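What does each part contribute to the picture?

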Amino acid sequence: MHQPLLLHHRFKAIGLAVLIPSFICWLIWTFDVYDFPFLKTGRGGGILDQRNHSLVEELIFTGLAAGLLMIAFSREKIEDEYIMTLRLQSLQWAVLVNSLLLVLATWIFYGEDFLKVMIYNMLTVLIIFVIRFQYMLYSKKSPKRTIFSLPPRLKKIGLLIVIACIIAYVVQIFEIYDFPFLETGNSMESSFLNNLNYNWIDEILTTGMTVGLIFMTFAREKSEDEFIVSIRLRSLQAAVLLNYGLLFLMNWFFFEGDFVNILIYNMFTVLIIFVIWFNITLRKTSSSLIPE
Amino acid sequence: MKNNIRVERAILNMTQQQLAEQIGVSRQTINAMESNKYVPSTVLALKIARLFGKTVEEIFTLEVED
């Protein structure tokens, strides 16, 4: 059997040892107790602090994410097939809940506040996952352990929604058409993609993309069996890991406006990577199963 | 799928923890199987059957909805 990507059990403790100091630094830095002057680079502004760039953000984010990743993906003392199932089901639950929360947040927060939502969103999947997984492992009531799935026909519907959203996004970016009927007339409230003129397009596109991708991610295959479920769950783990790998890199290479774009794409990348990875794995397995 | 792991375990007078240690899984796994919340892999089913000295079919039975 294929071994899933997991770290040694002792990384759980190492993860905590990295996470706690990073979290304390984050608190110190956010509440302006101390601003780590020795980390200032004199370069342009960072994502949160526009005046003065320092390496603090990169280090804190790297610390928080690395700590959480180690906690999330270290083996339990006895990691057997059942624990693995719990782990992957919790991951699926976390991705789903995180996406739904994000859709909700798009409609509630604007401008600066939404920027913060996107920043926290870099870590929320992992936080939700760690909590859910520990709950599933140790809860006395033993909650229902089921794989969430949607009817197969939603896969095509999801694809159509995603394509429609991408087309609308391109149309808007290149200013071919600006959907005037969606304007709210409230120019004070700027949205996150377009700062000049507030309209509903961002919310609608984000919701559409997320819902479409959730349909594609969670729709059952026509003959969904336990083997396909296991491919599905492993692909999800691969997608989450790959997404964090990319995010780590981007965190060090992009600043300000560019990093905001990364944050926007990051709302969808886990699901996009999953859909691609899962379908490639599925095709590969079915083509290698041709009878002699 | 139903199973009578709980009964077999009672016959051998073992706790969930002891059974888990014998076959190298976690206690949660035994608990989940006994309460029909988890269907074990073939490997695990064979290990359990071997420990109890029975065939797999004597311990695990299909239900109508399977």
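In this predicted model, helix 3 of chain A, spanning residues 81–108, packs against helix 6 of chain A, spanning residues 201–218, at an angle of about 165°, and the two axes lie 9 Å apart. Because an angle over 145 degrees counts as roughly antiparallel, helix 3 of chain A is described as roughly antiparallel to helix 6 of chain A. The crossing of helix 3 of chain A with helix 6 of chain A is left-handed. On the side of helix 3 of chain A, the contact is formed by A:Gln92, A:Leu96, A:Ser99, A:Leu100, A:Val103, A:Thr106 and A:Trp107, while helix 6 of chain A supplies A:Glu203, A:Ile204, A:Thr206, A:Thr207, A:Thr210, A:Ile214 and A:Phe218. Sorted by class, the residues in this contact of helix 3 with helix 6 of chain A are 7 nonpolar, 6 polar and 1 charged.

Helix 3 of chain A also holds A:Asn98. Is this residue, A:Asn98, buried or exposed? With a relative accessible area of 9%, A:Asn98 is buried, since the cut-off for that class is under 20%. Leaving aside residues up to four places away in sequence, A:Asn98 touches A:Asn121, A:Thr124, A:Val125 and A:Ile128.

Chain A as a whole contains 8 helices and 0 strands, so that its elements, read from the N terminus, follow the order α-α-α-α-α-α-α-α. Of the 292 residues in chain A, 48% count as buried. Among the contacts in chain A with a separation of 6 or more, 76% are accounted for by residues 24 or more positions apart. The accessible surface of chain A amounts to about 15800 Å², and carbon and sulfur atoms hold 68% of that area.

Turning to chain B, helix 2 of chain B packs with helix 4 of chain B at an angle of about 110°, the axes being 10 Å apart. Because angles of 65 to 115 degrees count as roughly perpendicular, helix 2 of chain B is roughly perpendicular to helix 4 of chain B. Helix 2 of chain B passes helix 4 of chain B in a right-handed crossing. In this contact, B:Leu19, B:Gln22 and B:Ile23 of helix 2 of chain B meet B:Leu44, B:Lys47, B:Ile48, B:Leu51 and B:Phe52 of helix 4 of chain B. The residues in the contact of helix 2 of chain B with helix 4 of chain B comprise 6 nonpolar, 1 polar and 1 charged.

The backbone of chain B deserves attention as well. Most residues other than glycine have a negative phi. In B:Asn13, however, phi is positive, near 60°, although the residue is not a glycine. B:Asn13 sits in the loop between helix 1 (5–11) and helix 2 (16–23) of chain B, and its relative accessible area of 68% makes B:Asn13 exposed, because the cut-off for that class is over 50%.

A positive phi is also found in B:Asn36, where the value is about 55° in a residue that is not a glycine. Where does B:Asn36 lie in chain B? B:Asn36 belongs to the loop between helix 3 (27–34) and helix 4 (42–52) of chain B. With a relative accessibility of 46%, B:Asn36 counts as partly exposed, because this value falls between the cut-offs of 20% and 50%.

Note on methods
Residues numbered from 1 in each chain as written. Chains lettered and ligands numbered in written order. Predicted model: local features only at pLDDT ≥ 70, side-chain atom pairs only at ≥ 80, totals over all residues. Heavy atoms only, no water. Helix = DSSP H or I, 4+ residues; strand = E, 2+ residues; numbered from the N terminus. Buried < 20%, exposed > 50% of the residue type's maximum accessible area, 1.4 Å probe, protein only. Contact = heavy atoms within 4.5 Å. Areas by Shrake-Rupley, 256 points an atom, 1.4 Å probe, with all protein chains shown as cover. Axes fitted to C-alpha atoms, helices over the stretch in contact; angles between N-to-C directions. Parallel < 35°, antiparallel > 145°, perpendicular 65-115°, else oblique. Left-handed = near helix turned anticlockwise from the far one by under 90°. Nonpolar A, V, L, I, M, F, W, Y, C, P; charged D, E, K, R; others polar.
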